[in-house]
Each structure stands twice: as C-alpha cells, then as structure tokens.
Amino acid sequence: MATLRSGPRAFSYSPSGRRAPRLVAVLGPTNTGKTHLAIERMLDHQSGMIGFPLRLLARENYDRVVRLKGARAVALITGEEKILPPNPSYFVCTVESMPLDRPVEFLAVDEIQLCADPERGHVFTARLLHARGLSETMFLGADTIRPLMRRLVPDAEYVTRPRFSTLRHTGHKKVTRLPRRSAVVAFSLADVFSLAELVRRQRGGTAVVMGALSPRARNAQVGMFQAGEVDYLVATDAIGMGLNMDLDHVAFARLAKFDGRGPRLLSAAEIAQIAGRAGRHMADGTFGTTADERPLDPAIVTAVEEHRFEPLARLSWRNTRLRFETIGALLQSLDERPSQPGLVQIRDADDHRALRHLSRNAEVAARTTNPGAVRLLWEVCQIPDFRKVMSDSHARFLAHCFLHLTGPQERLPTAWVGAQMAQLDRLDGDIDTLMARIAHIRTWTYITHRPDWIDNATDWQERARGIEDRLSDALHDRITQRFVDRRAAFLVRHLERDGELFAAVDKGGEVTVEGSYVGRLDGFRFVPDAVGGEAARTLLTAANRVLRGEVAGRARLLAADGDDAFAIDPAGSVLWRGAVVGRLADGESVLAPRVEVRAGDFLDGEVKEHVRQRLFLFVKGEIERRLAPLFAMQQLPLAGAARGLAFQLADALGCLATDDIAILPGSLDRDSRRALARLGVRFGTETIYIEPLLSADSVRFRALLWAVHHGRAVPSLPGARRRGRAVSIDPDVPPSFYPAIGRRVLGGLALRPDGLERLAQAARQRARAGRFAADSELAGLAGVAPDQSRRLLLALGYRAVIEDGAELFVAAKRRQPRVAATRKPREGHPFAKLKEVKFA
C-alpha cells in the first residue's frame, strides 16, 4: 500500500485497481505544487494520463516524465504534436487531445477551474463529468470550483494545498521604479509593445510573452529572462498559467481585457492567477499596478492576499452525445441545453460557428448525405484557427479541405498542401507578419497529424515543424532586436549593485565597462553608443563612475603637450591629438578670439582652467604663426603715420582699399615703406594688401577668424579652380567678409587685389593713348570674364562711349587722390591718433 499525503489528511490506495476508483480534487492557489503532486501520483501507477491546458505545459511535463521513465514509456499528444512510441504507459496531453478511449489506471486534469472559460470550458467540463482513471482520478485547480464540483461530482474527495510562499500587495509604482525580476501585464498587442518600448528605454530591455507567440518563441523569450539577460518581462495573461519563472513582482498596467464580446474588468480570481506567478516555491512575491492603471481596490487586494474569492457560479457545457445523421441533426444536438443546474450551454465555440457557416455552403451540403460525411465535416470544423478571428478566409479554407477530403482521392492534394506551406516559409516581415505566419503554419501542423487526410503525413509534419521553428526563431530575433538593448540591460544590473565597475579606455578612446563597449572619449567628452534618451543616460551613469580619473589624466597630458599635438579645424574646433577639446569664440578682436573648452561632464574646476589656458596659448601662437606678417608689422620701429597704417591693416586682416585709409601712401617715409615691403605689403593705386596672405591656406584661416568674430558659420570660399578669378558677391554675406579674406569688392565682384592692380595699371596705360576697348586681355589680367571687365572699368571711374557701333572707354576728368576716410577708426585705435600727427 502507498499513501497520498496532500495536506492534513492522508488516504490509501491500491495501484492494482481492485478497490473502487478514487476521485480526488486537489485545490488551492498557484505555487502550491499541485502539478508536481499529480506527476508523482501518476508515476506510482503502471499507466496514466494527464491533460494540461496548454501545449507548452504538456511539452514541459512530457520532457520531465521522459527523464524519469524513458522515451519509450511516454507519449505526447497535442493538437500540433504527437510522439507515440509503440506501447506507452503514460500519456501527457493537452486537455482537448486526451485519448479517452485508452483505459489507464490514473487520470488527471490540470487547471480544472477552466470549466468556466467561455471558449474552452465545455471541454474541461466534459472531462470533469466523464473522464476517469481505472484506479484514481485527480482534478487540479483553484478552490473557486469547489461548490459546483461538490454538486456535479459528489463522490470527490478534496485536498487543500496551501501556497508555499506569501503574495503581498505593494501598491502602484512607476514603470521606472519597478524592481528587477518584474513582469508588466497588459492585454492588447498595442499596449504590450508600447510598454516594452518604454521598459527598453528606461531599463535596457525586456522579454515579451503573448499568447500569439508559438511555444518555441515563447520559450526563447522566457529563457532570455530566466538566464538573466533581461530583468523585466512584458506579457499578456498568457503568463497566468504554464510558465514557471523566477518572478518577484507582477505589475498590472491594465485591469481590463477584451473577452471576445467586449471589454471587462478582471475578477479578483483572475488577478490572483496572474499575480501568483510572482514568488516561486518558498520565495515570497509581490504585486501591484503600474503605468496609467489606477491602484487596486482594497477589497481585491485582500482577496488576492488571503486567497478568498467568489466561487464559480456556472460552468460551460456542451452536449457530448452528438448525432451525425444529417447536418441539421448535428446542429440540433449541439444546441441541446444542460439538464443539471450550474451548467450553461456554450453557443459560440469556433467549431460550432464554423459548422453553421459551412452548412450554408451548397457544395458542402451536397456532400453530407450520410453520417460518415457529417462526422468528417465536424472533424474539419475542429481544425483550429490560431489567429483567433474565425474570419471568412478560415471558413473558406475549411470548405476547401472538406471538398478535397470528399473528392475522388479522399485526400488533401499534395501539390495544394505544398503550395500552401511554401507561402508561409518566409522570414521577412515585421513582428505582426511573423506571428500571422506562425498561426497559419500551426494550423497546418494540426492537419499533418491526421494521416487519414494526407499522404506521407510524417514528412509533412517534419516540414511544418521546420517552418514553425524557423519562423519562431525569426520572431524571437525580431522581438529581441526591438525590445532588448543587451548592453544597456547588462549595465543597469551592474549599476544597481554596490560593487566597483571595471572599466578601460583604449588608445583609440573606446570605453568599455565590465567588458561591454559603452562609447568613446572624444577629447574630454564621453560619447555614449546610443541614439539618446534613457539609454544614453544609462550609459553616462555607467561611465560617470570610472571616467573622471581618465579625463583628469588626459587633462594633465594635454597641459604638458607641445604645439604639434594641437590643431584648428576648418569649423573653428580646437583639436588635441585629433580629438575636439575646444572651440574658438568671439573675443577682444578678430585676431584675439576666446577659447571655450569642450569639457563634457567629467572636466571642471581648476583642471578645466588649466586646459583652457593651454589651449589659449596654442591658439594665440597658431594665429601669430599663420598670419605672421600682421604681427611682424606691429613690431617694426615705424613712425606715427606708418604705425597707424600697420595697425589698420592688421585690423582688416591684411587688405585695405585706398579709399578707406586716411593718409596717402606716398606720405610715408622711405624707411617705413621699405620695412613694410620686406614683409610683403604692396602699395597699389586701388588697394594696400599683404601679398603672402593671399595664399589659399591664409585665405581659409582669415575666413575662419572673421566667422568666429561675427558669430557665423564660415561662408563658402572660391573653389580651387577659381582662387585666382573674381566671383560674384553673395548678398547674404556681410560686405566685410571679402576684404577679410583678401578680396576687393568692385562692380559687384570680389577679386584679388593683385589682379585689380594689374587691370588698373593696364587701363591707365591704354587711356593715355586714347579710347580703348574692354577686351579679353584686360579681363584676363583681373581674372574676370570679358563681359565683367566692363563693370570693373566703370567702377574704376572710366566713361563708356559708343563709336562706330562699338563701346569704348575713356578716362574721366583727372582723378583726385582718394583721401576720404570712409571708415572711422574706433576710439582707442592707434589710427585715431593720426589727427594729432604733423607731417613734414
């Protein structure tokens, strides 16, 4: 004799079945070990069968029994998978697929409270009323079914299983405040996806579990959570049964669901079923609400914590004694009402609706002329639509199947089956597309397990399973790519610990934290390897713990480095060893810009000031080196007028129109003119300019200094092929830009001063001989197009006349020396003192 110990009482049984069969109801909340007990009891018998509500659960427990008894002793039977050794002793099944014509000593049904489910409940109720083991029958489930079970199965004995751990309410929490190992529960696809996106941004990533996932994809997502790759799970009520996970907290983002007819609030028992996933075995769990959901009603909280719920008021029922004489007789038998109180007829089951739909198909009706055809039609109607929409397309699919099965071959055509599956064997598309394909292929998996419907059924089963596996793997990858940032999730876990983080920065500036690449140091600024938002803040937090020392060391190295380690790029950024560490900003003058340090979050205080001073010294030296003639002029021992001219020329970056100076170049003393000439200063009739500063490199640098001084981006410069040629001025660019880069503006054109001087000199020589034409030779001297030379001659004061139909130019009245000071020097400028200078 053996003893079943399931609580305060025990009873004896005889595996031989010589005594009357025992019927036991093991009832209690989640995490009470009911399934474990049932498996142990089944294996104490020589044969047994157990039905689970989910294919996932059936497969999990099949694997468990195989480990204990061996593969030859155990069969797996679900709608989509059958593993049948020659003479199995034990059958692990889904409830719908239990082979009740096979007598076994022990029989069990899990989650028996699903008798009340409006969609599948009639199947569970049929098992409750009619399925029995020869020696022992066991029903497992919630205590809410006890009153109705007492009435419907009066000979049952009851065993109450207390929960191993405590379930405690912790109130409402923001998603960002949820503890690690939490599940967030919603009920629509849109809600699940939006919450998963939020958790990814805030906490690095989440697994996603929905009823629409295939078992393989669901297992992969749960496996990722169990392995600690992510610490959060966003799920529908699919986690309410069949998934044993290391969950500590369940947070309801929604407390209402659509039940096929309309939205309704969850009952306290449904909340408890889902919340009960928190805490496994002896570990306590917590539950609450999150996101926009209101706090739970205190009465519901008390009911869940104390496991006290309203008992079920009715169970779903459907007649199991069906008549197959005609379609009408079958429909009539399905419409029979229950005779026992507490049972309610189910009328909207998918197979029943499919039958009503196909009964109106004339071609189908014409082939149901005998009980065998009616029975076959009913079996076809039970082909599941895993999309759960029972659309017209599924009804048409069922009609095709029936017409093929009642045709001459009485089989589904191989070519048709192959074409249907080939359409589904694709891995492209988004998450929704892949889930739809999986739903379709699961339907075909079900069909291929009917060897009386399809030739070479085993081969088709393998093909369907292969397609489902590939689609499931692709779906898992898509979900993971969308909702998991593995690196951020890894760092979040480590940041929440008290231990030190190990970090490193390589020579290229790449930053790794605990071996995970998190970004790079660009000078002193950390650039996280993320687009932005919460992910960037997460990486910045990780880097903040370890990068201050590295940045301080870099600052000391910068302060000691030579000028050859620095550079100024075309945009005005100051580089150190190729990295941006500062930028130029408007300062006291165009030749004395300020330097702003690009410090980031890790450089401040005295160390930052040392960096700024070193960058300032480099920038000052670089300006003096690249524009050396400007600074050399100011060091010459020049007389008053020449010194004022030198300062004005430096302030203009080396290019002045003669109209804009207050003295005549001829009034300068000989020594001053010679000293300035040795530095490259050229005194033209139209322009005074510094010839060495007309090089392309100097022009680019002068343009940058002008842009910094005016707080603008650097305007476009003439291309390499046009550096010696005139260009049309840009009306959107301030006029001061062109002299700053060594260009004279005349006649709407910006041209090099040396070209302008060549044109002016040639024009003067021609004018002495009389009237002259603006030909290509003159245009070439100035670097302008022939039609542009006319504009320049007019701007230089020549007058156009028409002679014999040709335009010629003559000198106007003798030009007076241009002495007008059109540009008043600012107060304090050395040139302002020229008024006080008397010339000999």
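Helix α6 has twelve residues and reaches 16 Å from its first C-alpha to its last, close to the 16 Å expected at 1.5 Å a residue. That expected span is 1.5 Å times one less than the number of residues. Helices here are DSSP runs of H or I with at least four residues, strands are runs of E with at least two, and both are numbered from the N terminus.

This is a predicted model, in which local features need pLDDT of at least 70 and side-chain atom pairs count only at pLDDT 80 or more, while totals for chains, interfaces and linings use all residues. Residues are numbered from 1 along each chain as its sequence is written, and side-chain values use heavy atoms, with hydrogens and water left out.

**The whole chain**

The protein chain holds 27 helices and 36 strands. Of its 840 residues, 51% count as buried. Buried means under 20% relative accessible area, exposed over 50%, and partly exposed in between, with a 1.4 Å probe and protein chains only. Contact means heavy atoms within 4.5 Å. Among contacts between residues at least 6 apart in sequence, 66% join residues at least 24 apart.

**Helix α6 and its partner**

The buried residues of α6 are P215, A217, R218, Q221, V222, M224 and F225. G228 follows the helix with a positive phi, near 85 degrees.

α6 (residues 215–226) crosses α16 (residues 457–483) at roughly 40 degrees, and their axes come within 8 Å. Axes are lines fitted to C-alpha atoms, for helices over the stretch in contact, and angles run from 0 to 180 degrees between N-to-C directions. The crossing is right-handed: the near helix is turned clockwise from the far one by less than a right angle. On the α6 side, the residues that meet α16 include P215, A220 and M224; those they meet include L475, H476 and I479.

**Helix α23**

α23 (residues 696–710) has 15 residues and reaches 21 Å between its end C-alphas, close to the 21 Å expected. Its buried residues include F701, R702, L704 and W706. Among the elements covering the buried residues are β27 (579–589), α19 (605–626) and α24 (737–740). Just after α23, G711 takes a positive phi of about 65 degrees.

**Cysteines**

A disulfide is a pair of cysteine sulfur atoms within 2.5 Å. A search of the whole structure finds zero of them. Two cysteines are listed below.

| Residue | State | Relative accessible area |
|---|---|---|
| C381 | buried | 3% |
| C655 | buried | 3% |
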